Amino acid sequence: MPVGALLDAVRRHRPDVLVMLELTEPMRARLVAAGLKRLLPFEVSEAAPDAMGSGVFARYPLEADGSPFGWPRQIPARLALPHGGRLSVVAVHACAPSQGWRAGCWASSIRALPAAEDGTLRVLAGDFNSTLDHTVLRELIATGYRDAADATGKGLTPTWPYLGQPWFIPKVAIDHVLADRRIAVDAFTTLSLPGTDHRATLTDLIVPREDP
C-alpha cells in the first residue's frame, strides 16, 4: 500500500485512532518517515514479518494494555480520552480459515479476544476474517458488543477482496469494528486505498464521559 495514500486519508478524515494490520518494520519506518507521527503521535505496536505485526496509532496518549490476545498477536492498547476517560482498543487480525489447520487457528484467534463482560470500555477493530454469519463471531458480539456496520444499517457492506482476486470471487464483510454496547455508533463507512485487497473502515464512535 502506498504510504502517501494512507497519510492523505488520515489528513482528510482526521481519525483519533488508526489501527494498522500486517505491520512490518519497513512499513512502519516508511510511515514514520512520511510524517504519520506528526498526525498521530502516540503508538503501541509490534511490527513483525509475514503479516504478523499490528499496531495502534492515536491522537491522544496511549499505553500498552496487557499481553497480545492469541496468535497472530492481536495488540491491546489503552487510550486516554480528552475528558479523562479510558478506552481499550484491540488491533484484531484473526487467522484466515483458508484450509486445514487454519480453520482451527481462525476460531481460536477470535475466541482469544476479550469478552465485553468485564466492565472495561473496549473496541475491537480489524480483520476478523469472519462475516456476521459465523457463529464464533456472533458469540463474541453476544458478550456485550455491537458491530458498528450492523448498528448503522451497513452490516453487509463488503470489505474484501478488492485486489489480486478473480472478478467472480464474491466480496464479503470480514473487517469489523466491535464496540462495547455502552458506546454509541454514529457512523460507519469504508474507504478504498490503493495497493491493498481490503477496504479500510472508518467509524465514528461516541464514548461515555466516564467509565461506569
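Here is the tour, starting with a word on the model itself.

You're looking at a predicted model, where local features need pLDDT of at least 70 and side-chain atom pairs count only at pLDDT 80 or more, while totals for chains, interfaces and linings use all residues. Numbering starts from 1 along each chain as its sequence is written, and side-chain values use heavy atoms, with hydrogens and water left out.

**Stop one: the helices.** Select residues 3–13, helix α1, and residues 25–34, helix α2. (Helices are DSSP runs of H or I with at least four residues, strands are E runs of at least two, and both are numbered from the N terminus.) Their axes come within 10 Å and cross at roughly 55°; axes are lines fitted to C-alpha atoms, for helices over the stretch in contact, with angles from 0 to 180 degrees between N-to-C directions.

Now show the side chains where they touch (contact means heavy atoms within 4.5 Å). On α1 pick V3, L6, L7 and R11; on α2 pick M27, R30, L31 and A34.

**Stop two: the sheet.** Which order do the three strands take? Follow β1-β3-β2, an open sheet with antiparallel pairing. (Two strands pair if DSSP finds at least two bridges between them.) Select β1 (17–21) and β2 (42–46): they stand at the edges with a single partner strand each, so one side of each has no neighbour in the sheet. Neighbouring strands are turned by 10° against each other on average, direction ignored.

**Last stop: one pairing.** Click L18, then find its bridge partner in β3, F57.
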